[in-house]
Amino acid sequence: MLVAASLSLAAALLPATAQQAAEGVRPGNPRLADLMEAAQARHIKLWFAGITGNWKLAAYQTRQIKTRLQDAASLYQSLPVNDITTMAKPIDAMTAAIAAEDSKAFVKAYGELTTGCNSCHRELKLGFIELRTPEMNPFSDQVFGVRRK
Ligand code: HEC
């Protein structure tokens with residue numbers, strides 16, 4: 001389950017970035033943009049794990065994305081609750097597609113997940129941060145397909 005962050009009316013009216021600047025970053029806590037960049041890297045890795053049929057790696061990357069979003073929600077409570085909880089559905093769909101090793105369902109869930117990322121960005125007037133299905137894999141030092149032994 002994604003953490004449901006509590007939210008005051010004042011926080012709801014302010015964009016998260018403005019709120020965050022007001023809240024500051026507590027020592028030892030990751031910045032929201034850095035959690036997002038960590039999610040972005042996993043969003044890319046998830047794609048290449050899934051299309052090469054490395055389901056264990058795909059499951060791992062899905063968990064990484066989920067925990068980054070959970071951390072974002074619990075550390076930055078000004079993030080709109082709705083946009084966080086709506087991520088639960090595509091993440092569950094992704095988890096199910098991976099468990100079934102279903103490539104078609106994987107591609108569909110990946111599209112829904114990406115739409116979820118973008119709808120929160122748009123909601124917060126950050127529509128210029130737009131994710132899409134990656135075209136190439138920048139992580140050339142990591143093995144994605146399943147190794148034949
Ligand atoms: C609940 C809202 C929300 C959701 C869901 C969300 N983001 Fe973000 N994202 C933000 C906010 C807010 C920022 C701006 C953070 C800042 O600048 O402090 C951001 C920024 C980013 C950035 C810019 C970081 C950079 O350095 O370029 C990337 C990339 C990103 N998000 C990726 C993702 C991905 C991938 C997902 C989905 C797996 C996702 N986000 C889901 C709210 C969200």
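**Iron site, cores and helix α4**

M36 has a relative accessibility of 29% and therefore counts as partly exposed, a class that lies between buried, under 20% relative accessible area, and exposed, over 50% (1.4 Å probe, protein chains only). The model is predicted, so local features need pLDDT of at least 70 and side-chain atom pairs count only at pLDDT 80 or more, while totals for chains, interfaces and linings use all residues. Residues are numbered from 1 along each chain as its sequence is written, and side-chain values use heavy atoms, with hydrogens and water left out.

**Iron site**
- M36 (SD) and H121 (NE2) are the protein donors of the iron atom of the ligand, at 2.0 to 2.3 Å from it, donors being N, O and S atoms within 2.8 Å of the metal (3.2 Å for Na, K and Ca).
- M36 belongs to helix α3 and H121 to helix α7, 85 residues apart.
- H121 counts as buried because its relative accessibility is 12%.

**Nonpolar cores**
- The largest nonpolar core has 21 residues, and L46, A58, M94, I98, F106, Y110 and L113 touch the most other members; such a core is a set of buried Ala, Val, Leu, Ile, Met, Phe, Trp, Tyr and Cys residues joined through side-chain atoms within 4.5 Å.
- A second, separate core of ten residues includes L35, A72, A73 and L79.
- Leaving aside neighbours within four places in sequence, F106 is in contact (heavy atoms within 4.5 Å) with residues including L46, W47, M94 and I98.

**Helix α4**
- Among the buried residues of α4 are W55, A58, R68 and A73.
- The cover over the buried residues of α4 includes α3, α5 (81-85), α6 and α7, helices being DSSP runs (H or I, at least four residues) numbered from the N terminus.

Key:
Helix = DSSP H or I, 4+ residues; strand = E, 2+ residues; numbered from the N terminus.
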